[in-house]
Amino acid sequence: MARNITSFVCQSCGASYGRWQGKCESCGAWNTIAEESVATTGVGGAPAKGGAKKGRTFALAGLDGVNDQAPRTETQVGELDRVFGGGLVKGSVILIGGDPGIGKSTLLIQASARLARMGHRVVYISGEEAVGQVRLRAERLGLTASPVELAAETNVEDIVATLSEGGTPRLVVIDSIQTMWTDKVESAPGTVSQVRSAAQVLIRYAKKSGAAVILVGHVTKDGQIAGPRVVEHMVDAVMSFEGEGGHHFRILRAVKNRFGPTDEIGVFEMTGKGLREVPNPSELFLAGRDLGAPGTAVFAGMEGTRPVLVEIQALVAPSTLGTPRRAVVGWDGARMSMVLAVLDAHCGVRLGSHDVYLNVAGGLRIAEPAADLAVAAALVSSLTGAVLPADAVYFGEVSLSGAVRPVAQAAARLKEAKKLGFTKAVVPEVARGETGEPGLGTQSVNNLSTLVADIAAAGVGARKPKAVAND
Ligand code: TYD
Ligand code: MG
């Protein structure tokens, strides 16, 4: 017999307690613990019975076995397949998170339509919008001719029962996991135990049937996928769909991926007719560049296996505040502080009484330390008023001693720069040996002070570099 017990569950991390308390000891959050009643069931959803049950024996297999299924299905949305690691894996469960209105539903209805048009069975379950609303969107995107099967449902048992009839779908989209609920748990949809149990049912269905399931997840204010983190551990891949407010392009990034890389990004542009793939992001990020202004440097970066050129913009201005402002968009603030400290300690560039603003153009977020050199160049350029050459790219990691260290995949970065019409690359000394890109001149710097001296010398005619005292 199922017995109802009450437990107190933290809505932020999923830790459960025997009684209510103000603070979750597991994640330290306040006022996140709520009462939830859970019907006790055994593992796998079977009612827990008294008495010991003898386990069933099962066969064990070796690593070198042959899989009988084609492992992946391409969605034909190239940027999506790139992030998935080459297509949808059978029986896999993918969680896609993102801010409201970023375009998750649009992306998934477009991918569903492509797959369905190739003759695969695709089911799209919306828990947030009525069938009519989904149809309206499809109409706007010109996808009404695609045989996607639609439903507006929220009960996972009903959904699994419906899906089990007919052929196994190649893809099932659940939009969103926070609206789903299961009979087994009594708390409201969206609570930790509901989200976790509903996800469990859907994951079990995916593994058993071989259908790929994509779960849409909402994101909390601080950017985490709402509901328990445990869902992230349960699924095979976690993706986040991001975009800067005001920019029209969107980036799909893998946070976790059991079947592919986590450093690839997919780039899309939101247009009036849905999301458009952007196979060459560099052109997008460099579009509309202000060539004659100081404070901008082009960084030759890598996103996974793909080189991406992006403009780094810096503004350095005398501060009127006691503590000068430091604002960074698209890069790590701590990393910028480090570059400022190295400029101060080893290059005589004093920015202690200046406000410093740094921006990565186009809303891209860079995580690579290879951007250090480009950031330093942009900062010094803004300070001295010296315009950096418009046809030069920069990359290199700056160490605390002021040395410029080599970075990985220099050849791919240079190749992309050449392709986009750049003629000069400022790179670390050691990388010079592998920089055999014909038609692209390389200038090697082994120390940040060399770069500062070069920029300051070029800027003498532009504006007197007062704050730069070369030593
Ligand atoms: P949506 O996919 O509903 O976002 P999510 O599911 O992540 O909440 O996208 C909604 C936004 O996208 C909305 O602000 C309008 C915009 N949009 C377009 O600009 N063009 C389009 O063709 C569509 C369908 C949406
Ligand atoms: Mg939506």
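1. In this predicted model, the second largest cavity is lined by Arg 72, Phe 84, Gly 87, Leu 88, Val 89, Ser 92, Ile 94, Ala 237, Met 239, Asn 257 and Phe 259. Two elements, strand S5 (88-89) and strand S11 (237-242), each give two or more residues to that lining. Sorted by class, the lining of the second largest cavity holds seven nonpolar, three polar and one charged residues, and the volume of this cavity is about 50 Å³.

2. A search of the whole structure for cavities of 30 Å³ or more finds three, and the largest cavity holds about 60 Å³ of space. The residues that line the largest cavity are Arg 289, Leu 291, Ala 293, Thr 296, Ala 297, Val 298, Val 387, Leu 388, Pro 389, Ala 390, Ala 392 and Tyr 394. By class, the lining of the largest cavity is made up of ten nonpolar residues, one polar residue and one charged residue.

3. The lining of the largest cavity can also be read by element: strand S15 (296-303) and strand S19 (392-394) each supply at least two of its residues, and the largest share, three residues, comes from S15.

4. S15 and S16 form a hairpin with two residues between them, and in the turn Gly 304 has a positive phi of about 70 degrees. Thr 296, one of the residues lining the largest cavity, stands opposite Gln 313 in S16.

5. The pairing continues from S16 to strand S18 (residues 354-360), to which S16 is joined by seven bridges, again in an antiparallel arrangement.

6. A separate point concerns two helices. Two packed helices are described by the angle between their axes and the distance between the axes. Helix H8 (residues 333-347) and helix H11 (residues 448-458) pack at an angle of about 85 degrees, and their axes lie 10 Å apart. Because angles of 65 to 115 degrees count as roughly perpendicular, H8 is roughly perpendicular to H11.

7. Where these helices meet, H8 contributes Val 342, Leu 343, His 346 and Cys 347, and H11 contributes Leu 448, Ser 449 and Val 452. The residues of this contact of H8 with H11 comprise five nonpolar and two polar, with no charged residue among them.

Key: Residues numbered from 1 in each chain as written. Chains lettered and ligands numbered in written order. Predicted model: local features only at pLDDT ≥ 70, side-chain atom pairs only at ≥ 80, totals over all residues. Heavy atoms only, no water. 1 Å grid on protein atoms, 1.4 Å probe; cavity = no way out; pocket = protein on both sides within 12 Å on 5 of 7 lines; lining within 4 Å. Points joined across faces, edges and corners; volume = space filled by probe spheres on them. Helix = DSSP H or I, 4+ residues; strand = E, 2+ residues; numbered from the N terminus. Nonpolar A, V, L, I, M, F, W, Y, C, P; charged D, E, K, R; others polar. Axes fitted to C-alpha atoms, helices over the stretch in contact; angles between N-to-C directions. Parallel < 35°, antiparallel > 145°, perpendicular 65-115°, else oblique. Contact = heavy atoms within 4.5 Å. Pairing = 2+ DSSP bridges.
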